[in-house]
Amino acid sequence: MKKRNLSLMLILSMLLTLVLGFTSFAANGEKRLFDDAGLLTQEEAADIEKGLDYLSSSFGHDFAIYTTNGHDQSKSVDKVCDLFYYNNKLGAGDGERSGSLLFLDMVTRDIYIYAQGEAAMYFTDADIQNVLYNYNGGIVGELQREDYHGAFVKYMSTVESLYASGVAENQYSEYAGGLVRVYADGRKKVILWPLQWIIAIVISGLTGIIPMNNVKKKYAMVAEKRSAERVSLAYRSTAQFAFTGAALGVTRSRIPIVQAAPPSSGGSGGSHHSSGGGFSGGGSTMHHSTGGGHHSGGGGKF
């Protein structure tokens, strides 16, 4: 009987270990708050975690917060955020892993917003500063007053407003190679830098000259004109012409010139997303990400 009870206890212990291990893995897989600096109470941390989950499920991007008491200062803050983002498998989707990370260092007083993939369309350079310092007073004031829970709640509320406003009509993403993609109504347009315009014009010019010359010769009827000249010379050698007189007359009537009406000044219709709500839109300066793709980012001190 004792052996049976011991065996049963061992089995239950193994099952409990497996369940706890699975639960821990699931929680870590969905973890979005990394309060390594210990700024929040357990209840406050649970509240912020719920808010981050709500944003992620609402907008399809991943949202995370990371606090620390010191970082590797041999790396830029942007690089620290980039490595943390990928090492912790943050981001939504298998492709660009879109999402954002709010970073705070309590030692260096650095604050930074990192935005990966499609999230960079919302977190432009100007709007990152607006979120931190300007929109509804920014979140820096709460941080300076050591109201960390209030700062994170305000941050999530501001991000919700930013996403609800949509991508600004003047938003564009600027890459180190010079390619700029402009977003309007969810569509991408490509604008080239001046040097790329020159190269494109030269290539298009070279590829167009040869066909144009062939078409020009064809419509000029060079061969036909030469044949007609030979016939004309043969005809003139046997032809005679005599002018016997005719009455001359000049027309006095006017032939009116009809001018085309000027084009209508009305433009094509269509709406654009508006940043609204105190956000600026504008450009997102893009950087290469550790795991591939691109990200934007910006910050300051608090």
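Start by selecting asparagine 170, which is found in the loop between α6 and β5 (172-174). Helices here are DSSP runs of H or I with at least four residues, strands are runs of E with at least two, and both are numbered from the N terminus. The model is predicted: local features need pLDDT of at least 70, side-chain atom pairs count only at pLDDT 80 or more, and totals for chains, interfaces and linings use all residues. Residues are numbered from 1 along each chain as its sequence is written, and side-chain values use heavy atoms, with hydrogens and water left out.

Is asparagine 170 buried, exposed or partly exposed? Its relative accessibility is 40%, so asparagine 170 counts as partly exposed; buried means under 20% relative accessible area, exposed over 50%, and partly exposed in between (1.4 Å probe, protein chains only).

Next, show the open sheet of six strands, with mixed pairing and the order β1-β2-β3-β4-β10-β9. Two strands pair if DSSP finds at least two bridges between them. The edges are β1 (33-35) and β9 (287-288), each of which pairs on one side only.

β1 and β2 (residues 62-68) run parallel and are joined by three bridges; leucine 33 stands opposite isoleucine 65 in β2.

Move to β4 and β10 (residues 294-301), an antiparallel pair with seven bridges. Here isoleucine 113 stands opposite glycine 298 in β10. β10 also runs antiparallel to β9, with two bridges, and histidine 288 has histidine 294 in β10 as its bridge partner. β9 and β10 form a hairpin with five residues between them, and glycine 292 in the turn has a positive phi of about 100°.

**Helix α2**

Select residues 42-59. Contact means heavy atoms within 4.5 Å. Axes are lines fitted to C-alpha atoms, for helices over the stretch in contact, and angles run from 0 to 180 degrees between N-to-C directions.

Which residues of α2 are buried? They are Ile48, Gly51, Leu52, Leu55 and Ser56. Seen down the axis of α2, its buried residues fall within an arc of 135°, so they line one face of the helix; the arc is that of the directions from the helix axis to the C-beta atoms. β1, β2 and α6 are among what covers them. On the face turned away from this buried side, look for the exposed residues Gln42, Glu43, Lys50 and Ser57. Just after α2, glycine 60 takes a positive phi of about 75°.

**Helix α6 and the cores**

Now select α6 (residues 148-165), which lies across β2, β3 (99-105) and β4 (110-116) and runs at about 150° to β2.

The largest nonpolar core has 35 residues, of which Leu102, Phe123, Phe152 and Tyr155 touch the most other members. Such a core is a set of buried Ala, Val, Leu, Ile, Met, Phe, Trp, Tyr and Cys residues joined through side-chain atoms within 4.5 Å. Elements giving two or more residues to this core include α2, β2, α4 (125-134) and α5 (140-144). The largest share, eight residues, comes from α6.

Center on phenylalanine 123: not counting residues up to four places away in sequence, the residues it touches include Ser100, Ile113, Tyr155, Val159 and Ser296. Finish at another core, which lies apart from the largest one and has 14 residues, among them Tyr66, Val80, Tyr85 and Phe103.
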